[in-house]
Amino acid sequence: MKYKKAQAYYADFNTIEVNRLPIRSYFIPFTTKKGALGSDIKNKRYDSDKVVCLNGIWDFAYYDNPNDLLDTFDTDTMKWDKLDVPSCWQFNGYGNPMYLNARYPFRFNPPKIPTTEPVTKYFSYETWFTHAKEGEYNHLGVYRTFFNAREDKRYIISFLGVCSCIEVYLNGEFIGYSEESHMTSEFDLTNHIKPEANELVCIVHRWCNGSYLECQDMFRNNGIFRDVLLKVEDKVDIWDIDFKYKKAKDGKYTATILVELSGNGKEEIEVSLTGHGIEKNIIGTPVDGKISVEFKDLDVIEWNAEKPTLYDLMVSIPNSYVYTKVGFKNIKIDDAIYYLNNKKIKIRGVNHHDTSPVNGYTMTLDEIEQDLKLCKEYNVNTIRTSHYQPDPYLLELASEIGLYIVDECDLEAHGCRTQSFLFNFNYLSKKRSWMSHYVNRMERHYGRDKLLKTPIIMWSLGNESGDGCNTMAMYEWIKKRSDIPVQYEGAVYNRTKAYDIASQMYPSVADITLVGERKSKTKQFNDRPYWLCEYAHAMGTGPGNLEGYMDVFYKYDNIMGGCIWEMVDHAVLHEDGSYTYGGDHGEWIHDSNFCCDGLFYPNRMPSTGAYIMKHAYRPLRLELASEREIRIFNTLSFTSGKEFRIDFEINGKEFSLIPDVKPLRKKIFEIDLGEIGDKDCFLNAKIYEIKTNRLVDEAQLILSEEIRLKPKKMPLPEEFKLVDGNPVIEFKDSKINTSIPYSILFRAGTDNDKERFYFKTMPKWYDEKEKITETFIGKEKCVVKTIVTANKNTFEVEDTYLGLENGVFVTSIIKPISVSGFLPRFGKAFKLDSSFDDVTYYGRDKESYIDMVDHSKIALCHSKVLDMVENNIKPQESGNRMDTRYAELSNGKVTYRFEAVSEAFNLGIKPYSDLELTKMLHRKDEVRSGTYITISKFQMGIGTGSCGPSTLKEHSYYADREYKLQFIISWSENKDK
Ligand code: IPT
């Protein structure tokens with residue numbers, strides 16, 4: 001069939017839509033009541049007899065150079081490939097994945113975008129003048145599929161997500177055009193439909209003018225990436241539904257249901273609201289196709305994320321039944337405090353992007369469900385849908401399982417900051433010619449989600465687009481329609497307003513404390529509720545100091561909490577199991593592994609960050625109040641502590657408690673701890689949600705701690721030698737060497753080892769040099785003095801080895817000679833061969849550093865060497881175990897034991913040396929070269945310097961002090977082997 005290509009709407013600034021139907025609420029109709037009630041929120045779009053899901057394998061033709069698709073093209077003679085719908089081009093071999101954070105992949109010249117010419121040289125402050133790769137164009141893809149339409153109905157096609165824009169054609173005719181990637185676009189196909197073999201053709205462009213508003217930090221993918229639904233509607237059908245409600249002074253609600261029929265229908269409309277003792281039903285006749293139905297004096301149970309009470313709303317006309325669940329909630333802001341249903345709430349949130357390592361933006365509804373269930377499992381109560389609307393299913397599921405949503409509009413113009421003259425962040429937000437584009441996005445945002453607003457606690461105008469008259473216009477538009485408060489972090493760039501909820505990203509704990517005290521220099525943070533739309537950047541090893549934020553969140557009522565950045569790493573999974581990130585796909589500009597900043601790995605396995613979060617977001621917080629009392633803080637707003645059971649264990653004794661603590665209250669409980677003594681004594685607690693038996697938290701309270709070892713002095717054993725001043729323990733056919741460097745002062749830089757985003761701090765320490773200056777070898781004792789230089793600092797290290805039975809007692813003292821600033825670490829590094837693979841240790845059971853330790857507990861642990869490091873997509877320092885009392889490494893024949901003497905140590909066990917680790921970029925570089933053990937006196941904290949405050953002073957160690965590290969190395973032989 002022949003087609004004439006539509007005019008270049010994608011590059012026409014004045015056209016954001018052609019024949020696109022007005023936005024309406026997302027809902028799925030069925031022809032029968034039974035059908036509507038018989039399906040669940042996940043399957044209804046696939047089950048409905050009024051909807052045909054057109055997902056599947058479509059014909060696809062990809063044009064690197066858009067000029068290659070002629071103005072008139074013939075689908076019968078075109079060469080077609082096959083492509084899954086929904087999917088993303090770049091994850092299916094059409095173009096390469098490209099990861100970019102804050103830049104446009106083209107020249108900043110709004111509203112112009114590349115059309116038929118190649119992308120060439122352009123400016124960005126990060127790379128100055130950039131030459132795009134040859135052959136980079138505004139690529140396009142042509143899609144084709146066929147469907148039958150035998151009934152005489154109205155056929156509406158609904159695209160739930162297409163990047164960047166879509167031209168729709170049917171049976172040789174142009175139907176319409178739409179832009180805004182994450183928003184639903186609908187077109188009426190009826191006039192061009194045939195009973196059989198309708199040829200649906202879509203053209204998708206890589207960029208359109210709208211791409212200026214979609215500069216989100218993510219892989220820049222394209223394609224029809226969400227479901228395509230063909231709605232088979234009657235000539236008169238339910239067109240739109242809105243559900244509004246108001247709470248009166250007496251606590252009763254009035255619900256108003258607005259229904260609009262298509263085709264100016266006059267059919268009687270039945271609306272019913274039922275559930276939890278409410279039975280309301282009205283049949284009415286519309287006027288001009290519209291009806292507004294009111295149910296008064298409703299005594300409802302309000303919805304909240306802890307107890308998501310929903311009511312059944314059924315709207316029907318003969319032949320069309322729409323069933324949705326709705327909840328009631330009441331939001332009030334008073335004296336800068338946000339109240340939900342008259343209760344203060346804390347946001348324990350995450351930022352959620354749509355990301356799949358094999359499908360880019362395309363997530364199945366099962367995958368969305370998996371993410372939301374993970375949130376519940378990890379004590380998250382809020383999702384910010386960064387930085388666009390999610391699939392509507394996510395909202396419905398959130399309302400069912402109980403998660404608050406900060407629903408964000410598809411808007412980010414970050415490239416204004418990086419590519420415009422004078423880095424003018426507000427450039428587009430202040431340009432009046434863009435106002436209608438901004439407001440249109442807000443209208444559609446609200447229009448699609450208004451019926452699903454149950455879980456929405458804030459609207460968000462978007463992300464990082466600066467601020468100006470256009471964002472203000474969005475705000476004014478939504479304020480006329482909804483009383484849900486609005487947040488927009490970009491307001492800080494305009495300094496005049498902050499919308500309803502003040503919002504910030506990545507401030508320090510000290511800064512938010514000022515807000516808590518209502519003393520922030522940014523005045524508009526003090527007089528309204530304040531939250532962190534992003535904090536605790538979870539990139540690589542980390543995030544450090546999460547607990548510091550939690551303290552402030554709980555201390556001040558005007559601080560609502562925040563959403564950690566971000567839930568899941570973005571990366572590309574390859575057939576061999578490897579992952580790649582920015583720069584690995586031939587990108588001419590990219591932001592490297594800044595996309596790997598999730599609490600969960602791309603396959604949704606938790607990283608340590610997820611465990612840190614789970615504990616930080618725990619519903620019940622336990623602390624010792626006195627020797628025989630614990631204080632329990634119930635951080636929840638609507639749930640009694642009685643809904644949890646705490647199983648305690650102390651010195652092998654077990655007992656349980658059902659803590660009757662009211663929401664948001666603290667209470668002291670007396671408990672029988674038995675004999676504590678002065679040795680290590682820990683009270684271990686496992687907290688279960690009774691109803692689900694979910695383990696919500698594991699906590700450990702340290703009642704007493706004492707490490708005292710008095711080894712018996714002996715001559716140095718014959719297995720111990722000094723070779724060139726370095727200790728070697730040779731034991732039959734195994735030996736322990738020192739690693740290089742032996743006195744280790746650095747770690748392989750984590751993503752967070754940066755000063756406020758920019759300067760990597762750790763590499764300066766990598767050129768560590770050791771020079772032995774004195775050696776004393778005696779019968780019972782050896783002493784070695786070494787001058788160690790690194791990062792322009794000079795230290796003297798004095799190591800003393802005392803003989804023990806089958807062991808040596810090591811004392812290492814570091815003294816500053818000429819130093820400044822902080823010392824990242826002080827430890828001793830040893831090497832064994834890789835046959836030593838079995839690890840037993842008594843220390844923290846999870847990766848832990850001084851500012852990320854509370855999620856772990858001191859316990860006896862067994863592990864293999866490979867499990868002692870984390871699976872960071874970009875390898876970096878990981879796996880430290882704080883508070884270690886002893887560690888044993890065995891190859892089945894010989895066991896080496898490292899034991900604390902008077903103070904626990906930091907244990908590191910890796911399959912490669914720290915120096916080797918500094919050079920690794922991907923997991924495939926993690927080649928095993930032995931078994932490496934570091935025993936450290938300390939290691940500095942992690943912080944969140946990859947995008948936020950770096951390690952705090954209180955989690956760092958001054959270089960100008962003397963530090964003493966002591967431990968014992970001993971060995972034993974298994975005679976049976
Ligand atoms: C900020 C962005 O909002 C988010 O999309 C992401 O880029 C995150 O931080 C970092 O991973 S932007 C940052 C420059 C503050």
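In this predicted model, 13 residues of domain 3 are in contact with 12 residues of domain 4, where contact means heavy atoms within 4.5 Å. The model being predicted, local features need pLDDT of at least 70 and side-chain atom pairs count only at pLDDT 80 or more, whereas totals for chains, interfaces and linings use all residues. Residues are numbered from 1 along each chain as its sequence is written, and side-chain values use heavy atoms, with hydrogens and water left out.

**Domains**

- The protein is divided into domain 1 (2–233), domain 2 (238–318), domain 3 (345–616), domain 4 (620–704) and domain 5 (728–764 + 820–973), with bounds that come from an automatic or database domain assignment.
- Between the C-alpha centres of domain 3 and domain 4 the distance is 33 Å.

**The interface of domain 3 and domain 4**

- These two domains bury about 850 Å² between them, 40% of it on carbon and sulfur atoms; buried area is the accessible area (1.4 Å probe) that two parts lose on being put together, summed over both.
- Of the area that domain 3 buries against domain 4, R348, Y554 and H615 supply 45%, more than any other three residues.
- The interface holds 1 salt bridge, a term that requires a side-chain nitrogen of Lys or Arg within 4 Å of a carboxyl oxygen of Asp or Glu.
- R621 and E547 form a salt bridge through their side chains, at 2.6 Å from N to O.
- On the side of domain 3 that touches domain 4, helix 3 (365–377), helix 9 (546–555) and helix 10 (608–616) each supply at least two residues, helices being DSSP runs of H or I with at least four residues and strands runs of E with at least two, numbered from the N terminus.

**The ligand**

- The ligand is surrounded by 14 residues, of which D217, H387, E464, E534 and H537 are the closest; a residue is counted if one of its heavy atoms lies within 4 Å.
- The side chains of E534 and H537 each place an N or O atom 2.7 Å from an oxygen atom of the ligand, while for the side chain of E464 the corresponding distance is 3.2 Å.

**Backbone geometry**

- Most residues other than glycine have a negative phi, and most peptide bonds are trans.
- The peptide bond from P110 to P111 is cis, with omega near 5 degrees, and P111 lies in the loop between strand 8 (99–100) and strand 9 (121–124).
- W565 and E566 are joined by a cis peptide bond with omega about -5 degrees, and E566 is in the loop between strand 38 (559–564) and strand 39 (572–573).
- N319, although not a glycine, has a positive phi of about 85 degrees.

Conventions: Polar contact = N/O pair within 3.5 Å; in protein donor to acceptor, adjacent residues only side chain to side chain.
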